[in-house]
Amino acid sequence: CGGRAKDANLNAIQTALLCCVPAKDIPLAGKEDMVHTIVQTLLCLDTPVQADPVFAALTQVFPNGPDPRTSTAILSRLAKQGNLNLALLTLSWHETNEYDLNHYHYNAVIDACAKTGMWKNALQIVDVMMQHQVEPDTITFSAAISACKKNGEWENALQVFRVMAQNEEI
């Protein structure tokens, strides 16, 4: 998609946010464009980003909650950009609204933690994930270990490895 199409999609999402139009009614070229424009819109929010504007924006676009794949795509895009704050707020919005979350959602945010050197957040998210009875997988543990490793937290990395080794499904 060229720059004009993405600009048009961004305008469509921003208009939707202002007019409370559900995401399903936004004319976009495809899901990837929708994810791109939602992330771009979230990035346009004032800095430092607070929960209320993020929650309001996501609720306006997804009044009945997003489908799991769209959620994963949004969280993954935020993680790839290393935008941990928005990724954490987006995850928190899902949890607050009791929308289904799976290991893909948590893994994307743990990956953002690893990329931004926030090892404590990564380990906290693994704990939250397990509290919500979402089983961590190899990717979960690898991202948590990577977050610890990048900060020289070898003891914590070894502890995550021990937990991984005890997990019967890995």
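A residue is called buried when its relative accessible area is under 20%, exposed when over 50%, and partly exposed in between, using a 1.4 Å probe on protein chains only. The structure holds zero disulfides, a disulfide being a pair of cysteine sulfur atoms within 2.5 Å.

The model is predicted, so local features need pLDDT of at least 70 and side-chain atom pairs count only at pLDDT 80 or more, while totals for chains, interfaces and linings use all residues. Residues are numbered from 1 along each chain as its sequence is written, and side-chain values use heavy atoms, with hydrogens and water left out.

Nine helices and zero strands are found in the protein chain, giving the pattern α-α-α-α-α-α-α-α-α along the sequence. Helices (H or I, at least four residues) and strands (E, at least two) are DSSP runs, numbered from the N terminus. Of the 170 residues, 42% count as buried. Contact here means heavy atoms within 4.5 Å. Among contacts between residues at least 6 apart in sequence, 67% join residues at least 24 apart.

Next come the pairs of helices. Two packed helices are described by the angle between their axes and the distance between the axes. Axes are lines fitted to C-alpha atoms, for helices over the stretch in contact, and angles run from 0 to 180 degrees between N-to-C directions. Angles under 35 degrees count as roughly parallel, over 145 as roughly antiparallel, 65 to 115 as roughly perpendicular and the rest as oblique. A crossing is left-handed if the near helix is turned anticlockwise from the far one by less than a right angle, and right-handed if clockwise.

Helix H4 (residues 68–80) packs against helix H5 (residues 84–96) at about 160°, with the axes 8 Å apart. H4 and H5 are therefore roughly antiparallel, and their crossing is left-handed. On the H4 side the contact involves Ser71, Ile74, Leu75 and Leu78, and on the H5 side Leu86, Ala87, Thr90, Leu91 and His94. Six of these residues are nonpolar, three are polar and none is charged; Ala, Val, Leu, Ile, Met, Phe, Trp, Tyr, Cys and Pro count as nonpolar, Asp, Glu, Lys and Arg as charged, and the others, Gly among them, as polar.

H5 also packs against helix H6 (residues 103–116), at about 155° and with axes 9 Å apart. H5 and H6 are therefore roughly antiparallel, in a left-handed crossing. Leu84, Ala87, Leu88, Leu91 and Glu95 of H5 meet His105, Tyr106, Val109, Ala112, Cys113 and Thr116 of H6. This contact has eight nonpolar, two polar and one charged residues.

Helix H3 (residues 51–61) meets H5 at another angle: their axes come within 10 Å and cross at roughly 60°. H3 is therefore oblique to H5, and the crossing is right-handed. From H3, Ala51, Val54, Phe55, Leu58 and Thr59 touch Leu86, Leu89, Thr90, Ser92, Trp93 and Thr96 of H5. The classes here are seven nonpolar, four polar and no charged residues.

Finally, Asp137 lies in the loop between helix H7 (119–131) and helix H8 (138–150). With 18% relative accessibility, Asp137 counts as buried. Asp137 and Met164 are 27 residues apart in sequence and 8.3 Å apart in space, C-alpha to C-alpha.
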